[in-house]
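Biologist: Could you walk me through a few side chains and a helix in this model?

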Amino acid sequence: RSMRRVIDEAREAAQITRINFTGGEPTLHPEFAEVLETVAAAGLQASFVTNGWHFERIWPALLANRDAISHVAFSLDGIDRETHDAWRGNDSFERLVRAFSRCYIARLPFVIKIVVRRDLVDQLEQIAIFAARMGAAALNFVHVMPTSSSAENDLALNRDEQRAAEEEIAILA
């Protein structure tokens, strides 16, 4: 009820037509299916970012509200099981590829989002090929957001390295 009120107010104030749910992990919300139903009932479209871990559980809600889903965005941390699972946990890569397949077969557009870390910067072309082979509608690259953690900061590229990566991404596009 309160979400519908917020949607109605946002539509009136800003003429919104789409809603993007990010996280953490929006699919963990205990009323995720009801959220999608509310978006659909309002005549809007939604997208959300997910790591894909709970995709099998939410798949029925996506199918039931298919017209309200513009696309699904998946976070990817490597194009092989070893690299991705090191960041997201055992079997996470397999779950993600299965989610890509479900979306592709159902013609539900999906986007792959990847953070350009120091350990992935030399794999940009392979990442683009992987995304294309999986059937992704788009591939989005973002830089590491530096934090106070020295471990995370060690993953970030410096400005010159960022520019070089951006140039390669532009060529790949």
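**Salt bridges and a helix face**

Biologist: What is the relative accessible area of Glu9?

Modeller: Glu9 is partly exposed, where buried is under 20%, exposed over 50% and partly exposed in between (1.4 Å probe, protein chains only). Bear in mind this is a predicted model: local features need pLDDT of at least 70, side-chain atom pairs count only at 80 or more, and totals for chains, interfaces and linings use all residues. Residues are numbered from 1 along each chain as its sequence is written, and side-chain values use heavy atoms, without hydrogens or water. For Glu9, the relative accessible area is 49%.

Biologist: Which side chain meets Glu9 in a salt bridge?

Modeller: A salt bridge needs a side-chain nitrogen of Lys or Arg within 4 Å of a carboxyl oxygen of Asp or Glu. At 4.0 Å, N to O, the partner of Glu9 is Arg5.

Biologist: How far apart in the chain are Glu161 and Arg118?

Modeller: Their closest N and O atoms are 2.9 Å apart, in a salt bridge. Glu161 belongs to helix α8, while Arg118 is in the loop between β4 and α6, and the separation is 43 residues.

Biologist: How wide is the arc that holds the buried residues of α8?

Modeller: Gln162, Ala165 and Ile169 are buried in α8. Seen down the axis, using directions to the C-beta atoms, these buried residues line one face of the helix, because they fall within an arc of 65 degrees.

Definitions and conventions: Helices (H or I, at least four residues) and strands (E, at least two) are DSSP runs, numbered from the N terminus.
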